[in-house]
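Look over the sequence and the 3D model before you read on. This report goes through the spaces in the protein and then the packing of its helices.

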Amino acid sequence: MLACALGWLLWSLMVGWLAHRLPPQALDHDTWLTGRRPWPESRSGFEKRLAIRRWKSLLPDAGTAFPGGVAKNSLVGRDRATLQRLLAEIRRAELVHLALWPFWIVTALWLPPAGVLINLVFATLFNVPCLWLQRYNHLRVERALQGVTRRPGEG
């Protein structure tokens, strides 16, 4: 049990630290991990099926866990630059939670199958809601960006 807790803590710190060190250009566009899904996604779908507005404020934001980090709720402007920065931070959070989830597989090195199953449930319960929230926010910010008029000279 202690090995799992320590493993999750160390894995989370390592993934968070590596994501924190990603250069801005790595987050300024979607990749196959953060881009559109092959299935339909919609803000209303997240709101209706998952009631995301009811529980989203309960999830922590670890954006400031490392020096120089940014809390996503601190990026509240509606100008293009602020929205693009928020979208980059959302992509970073998506990557973090996608990278955290598979640690349960590593627990198979020292746990019996029942323990691995418990870690799979733990990983899913703690990462999937965060991924849903990031996907929901991703869609919201993309829509807000579409509504922002481009300034002359912007690509």
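How many cavities of 30 Å³ or more does a search of the whole structure find? The search finds 1. The model is a predicted one, in which local features need pLDDT of at least 70 and side-chain atom pairs count only at pLDDT 80 or more, while totals for chains, interfaces and linings use all residues. Residues are numbered from 1 along each chain as its sequence is written, and side-chain values use heavy atoms, with hydrogens and water left out.

**Overall layout**

The protein has 6 helices and 0 strands. Helices (H or I, at least four residues) and strands (E, at least two) are DSSP runs, numbered from the N terminus. From that end, the elements run α-α-α-α-α-α. The C-alpha trace spans about 60 × 35 × 30 Å along its principal axes.

**Cavity and pockets**

Some terms come first. On a 1 Å grid over the protein atoms alone, a cavity is a set of points where a 1.4 Å probe fits but cannot get out. A pocket is an open set with protein on both sides within 12 Å along at least five of seven lines. Lining residues have an atom within 4 Å of a point. Grid points are joined across faces, edges and corners, and a volume is the space filled by probe spheres set on the points. For classes, Ala, Val, Leu, Ile, Met, Phe, Trp, Tyr, Cys and Pro count as nonpolar, Asp, Glu, Lys and Arg as charged, and the others, Gly among them, as polar.

The largest cavity holds about 30 Å³ of space. Its lining is made of D30, T34, G35, R36, R135, H138, L139 and E142. By class, that lining has 1 nonpolar, 3 polar and 4 charged residues.

The largest pocket has a volume of about 1,400 Å³. It is lined by 48 residues, and P60, D61, A62, K72 and Q134 lie nearest its centre. Helices α1, α4 and α6 (113-147) each supply at least two residues of this lining. The largest share, 13 residues, comes from α6. The lining divides into 27 nonpolar, 13 polar and 8 charged residues.

The second largest pocket contains about 300 Å³ of space. Its lining has 15 residues, of which W39, E41, F46, W132 and R135 lie nearest the centre. Two or more residues come from each of α2 (43-50) and α6. Helix α2 gives the most, with 4 residues. By class, the lining of the second largest pocket has 9 nonpolar, 2 polar and 4 charged residues.

**How the helices pack**

Two packed helices are described by the angle between their axes and the distance between the axes. Axes are lines fitted to C-alpha atoms, for helices over the stretch in contact, and angles run from 0 to 180 degrees between N-to-C directions.

| Helix pair | Angle | Axis distance |
|---|---|---|
| α1 and α4 | about 150 degrees | 10 Å |
| α2 and α6 | roughly 145 degrees | within 9 Å |
| α4 and α6 | about 160 degrees | 9 Å |

Take α1 (residues 2-20) and α4 (residues 80-100), which pack at about 150 degrees. This angle makes α1 roughly antiparallel to α4; angles over 145 degrees count as roughly antiparallel. The crossing is right-handed. A crossing is left-handed if the near helix is turned anticlockwise from the far one by less than a right angle, and right-handed if clockwise. In the α1 and α4 contact (heavy atoms within 4.5 Å), W8, W11, S12, V15, A19 and H20 of α1 meet R92, V96, A99 and L100 of α4. The classes there are 7 nonpolar, 2 polar and 1 charged.

Next come α2 and α6, whose crossing is left-handed. Here R43, F46, E47 and L50 in α2 meet W132, R135, Y136, L139, R140 and R143 in α6. This contact has 5 nonpolar, no polar and 5 charged residues.

Last, α4 and α6 pack at about 160 degrees. That makes α4 roughly antiparallel to α6. Their crossing is left-handed. The contact includes L83, L87 and I90 of α4, and F126, L131 and V141 of α6. By class, the contact has 13 nonpolar, 6 polar and 5 charged residues.

Most residues other than glycine have a negative phi. A51 has a positive phi of about 50 degrees, although it is not a glycine. Where does A51 lie? A51 is in the loop between α2 and α3 (52-55).

Definitions and conventions
Angles under 35 degrees count as roughly parallel, over 145 as roughly antiparallel, 65 to 115 as roughly perpendicular and the rest as oblique.
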